[in-house]
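I opened the notebook to look up a few local features, one at a time. Here is the entry, with the cut-offs I used noted along the way.

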Amino acid sequence: MQDPHNKPIKRVVIAGGGTAGWLAASLMKKVLGKAVDITLVESEAIGTVGVGEATIPPIRLVNQVLGIDEAQFLHDTKATIKLAIRFENWKTKGESYYHTFGAPGKSMAFCHFHHYWVKARQQGLKDDLWDFDLNYHAAEAGRFAQINAKDPVVELPFAYHFDASLYAQYLRKLSENMGVVRKEGKISRVQRFTDSGFIQALHLESGDVVEGDLFVDCTGFKGLLIEEALGAGYDDWSHLLPCDSAIAVPSERHEKTAPYTRSIAHDAGWQWRIPLQHRNGNGHVYSSRYISDDQACDTLLSNLDTKPLGDPKLIKFTTGRRRKQWYKNVVAVGLSSGFLEPLESTSIHLIQSAIVRLIQLFPHNGFAPSLETEYNKQSELEFEQIRDFLVLHYTVNERTDSAFFNDMRNITLPDSLAHKIALFKESGNLLREQNDLFLESSWLQVLYGQGITPKDYHGLVNSVPEVQLNQMLTRLLEIKKEPIAKLPTHDEYINGMVAKY
Ligand code: FAD
C-alpha cells in the first residue's frame, strides 16, 4: 500500500468519540465537506471521561458554523447560560470576585478604562471595578436575555454550561447526518508503515481494519496513537500547576439556576459548581501531594448543598501538553493533546481551536513539513498562554491558612507571566500578546481580583479634568445597571427557550 506522505489526503479517521472526537467530526465534515471521507471509531465499553460542562464564548461560533438552532441546543443538552466565573476564597478565605465575559467600563481611545478607574479610586471613588460591568450585574441578579445592542457598552457576552454526554450525542447526530461513518469497537492494534512510521490502519478487536490517510487522535488522556504508537512525548507542567486529581459528582439542581460557574478554593485545590437544567455538576480538583483522595472526597461531599446523585468518580491527570500535537500523520485533539485543569473552562475551547487550526492547515496535497511545524508552533503558544493565566490565579494570593497556597505564592514563574504581573503592578499596563485567548479585561479582573492594585495609571488620564472624570464614571454606572431590571430571570429565559421544543 502507498505511504500517505505525498499523495492527496482524503480519508480521515478519528479515533475516539468523546467531545473531542465528535466535535472534530462535525466541524471537519461541515467545513471540508466532500473533500474528506470521515470515519470515527469509538468504544462504548471504554466510554468517555464524561465531564467538561462549562465553556467560554467562542463555543457560540462553533454553533453558528454548525448551523445549530439555539433553542434546540439548550433543550437537547440541558444547557444553561454562563456569564462569568465567580472565584470564591481564592484571594483570602471569605472574599470573592468575578471573572466575567464582559469588560468593565468601555473601550476608550489610547488607554483602557481601568486606568481612569484606578485614578478615581486613588482619589476616593468607592465603586469597584465590577460595578462598571453589565455581566457582573446580570450574574448577581440572576437575569439574562440576548441583547442585540449596537453599543458594545451594553453587550452581554455569554457561553453555556451543558451536559457533556448529551453534547457528544448531539454532535454525533449532526455528524452522522452529514455523512460521517461511525464504527463501534475497541482498537486493539495500530499498524504503521515500516519506512516512514506513519500510521496505516487501526485494527479493531472485532477483526475490522480501518485504513486512513490522516488520523485524528481523540482517545483521551492515554493518546493511543500520538503517544502509545508514535511516542510524541509530553511536557509535564506539574511544577507550575500541581493539581493532579479530580473527584466529580452530580447533585440535585437548585430551585434557581445561577448564570455563572462557581469556583470555590479549598485548602489543596478548588471545587466547581456548574448549574444545569436538571442537576448541578460538581467536582473537586486538588493536589494529591497535600490531601488524600478520601479527604478530597469528604471535602467535596460536605460542600454540596444539594443531594448527590450517584457515586463520586475519581480522575487522575498530569497537567501539561503533548510535545508534538501533530506528528507524522496523526493530530492529537482533546485530552490526548494535553490537559490544563478546568479552572477557566478552556479544554473544549482547545478542542475547537485545534480543529480550526487543522482545517486551516489541512494537508490536502500531502504531508508538507511546514504544515506540521506551523500547527505545533501555534498550539504550543496557545497552551503556554492559557497555562500562564491559570497559574496567575494560584500564585497571586493572600491565603496564609493553607500550605498549598503558601507554596503556590513561592513557585518560580515562567518569565512571560512574571513580566505581566510586574508590569501591571507598576504601571497598570496589560499587554495582550500574539492572539492570547484571554483579553486584557480577563487579565485585569483576575490580577485585581487576586489582590494586585496597580501603583500607577496611564498619563493620558490626567488630561481629563476631575469633574469630567467623575461625571463619566457616574454615567457609566447608570448605563451598566439600567438594562438589568428589564431582563427576564435566567430561569425564565431558559424555560422560554426550551418550551419551543
Ligand atoms: P474522552 O472523553 O476520554 O474520550 C475518549 C474517546 O476515545 C472515547 O470515546 C473512548 O471510547 C475512545 N477510546 C479510547 N480508547 C479507545 C480504544 N482503544 N478503542 C476505541 N475507542 C477508544 N473542559 C471544559 O471545556 N470545561 C470544563 O468544565 C471541563 N471540566 C473538566 C473536568 C475534569 C475533571 C476533567 C478531567 C476534564 C474537564 N474538561 C473540561 C475537559 C473535557 O472533559 C475534555 O476536554 C473533553 O471531554 C474531551 O475529552 P476527549 O474527547 O478528549 O476524551
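Which residue in strand 9 is the bridge partner of arginine 189? I found histidine 203 there. Before going on, I noted that this is a predicted model, in which local features need pLDDT of at least 70 and side-chain atom pairs count only at pLDDT 80 or more, while totals for chains, interfaces and linings use all residues. Residues are numbered from 1 along each chain as its sequence is written.

Entry 1: I looked at strand 8 (residues 187-192) and strand 9 (residues 199-204), which run antiparallel and are joined by five bridges. Strands (E, at least two residues) and helices (H or I, at least four) are DSSP runs, numbered from the N terminus. Two strands pair if DSSP finds at least two bridges between them. The hairpin has six residues between the strands, and glycine 197 takes a positive phi near 80° in it.

Entry 2: Next I followed three strands that form an open sheet in the order 12-18-21, with antiparallel pairing. Strand 12 (234-236) and strand 21 (338-339) are the edge strands, each pairing on one side only. I counted two bridges between strand 18 (residues 320-322) and strand 21. Glycine 320 stands opposite phenylalanine 339 in strand 21.

**Entry 3: the ligand shell.** What comes nearest to the ligand? Of the 37 residues around the ligand, I listed Gly16, Gly18, Gly52, Gly220 and Gly334 as nearest. A residue is near a molecule or strand if its C-beta atom, placed from the backbone, lies within 6 Å of it. Helix 1 (19-32), strand 2 (37-42), strand 13 (245-252) and helix 9 (347-360) each supply at least two residues of this shell. By class, I have 18 nonpolar, 16 polar and three charged residues in the shell. Here Ala, Val, Leu, Ile, Met, Phe, Trp, Tyr, Cys and Pro count as nonpolar, Asp, Glu, Lys and Arg as charged, and the others, Gly among them, as polar.

**Entry 4: two helices.** I then took helix 1 with helix 6 (residues 164-178): their axes come within 8 Å and cross at roughly 30°. Axes are lines fitted to C-alpha atoms, for helices over the stretch in contact, and angles run from 0 to 180 degrees between N-to-C directions. Helix 1 and helix 6 are therefore roughly parallel to each other, as angles under 35 degrees count as such. Their crossing is left-handed (the near helix is turned anticlockwise from the far one by less than a right angle).

Entry 5: Serine 345 has a positive phi of about 50° although it is not a glycine, and I placed serine 345 in the loop between strand 21 and helix 9. Is serine 345 buried or exposed? Serine 345 is buried, because 21 other C-beta atoms lie within 10 Å; the cut-offs are 20 or more for buried, 12 or fewer for exposed, and partly exposed in between, with C-beta atoms placed from the backbone. Glutamine 434 also is not a glycine, and its positive phi is about 40°. I found glutamine 434 in the loop between helix 12 (415-427) and helix 13 (440-449), where glutamine 434 is exposed, with 8 other C-beta atoms within 10 Å.

**Entry 6: a glutamate.** Lastly I checked glutamate 255, in the loop between strand 13 and strand 14 (261-265). Glutamate 255 counts as exposed because it has 7 C-beta neighbours inside 10 Å.

Terms used
Angles under 35 degrees count as roughly parallel, over 145 as roughly antiparallel, 65 to 115 as roughly perpendicular and the rest as oblique.
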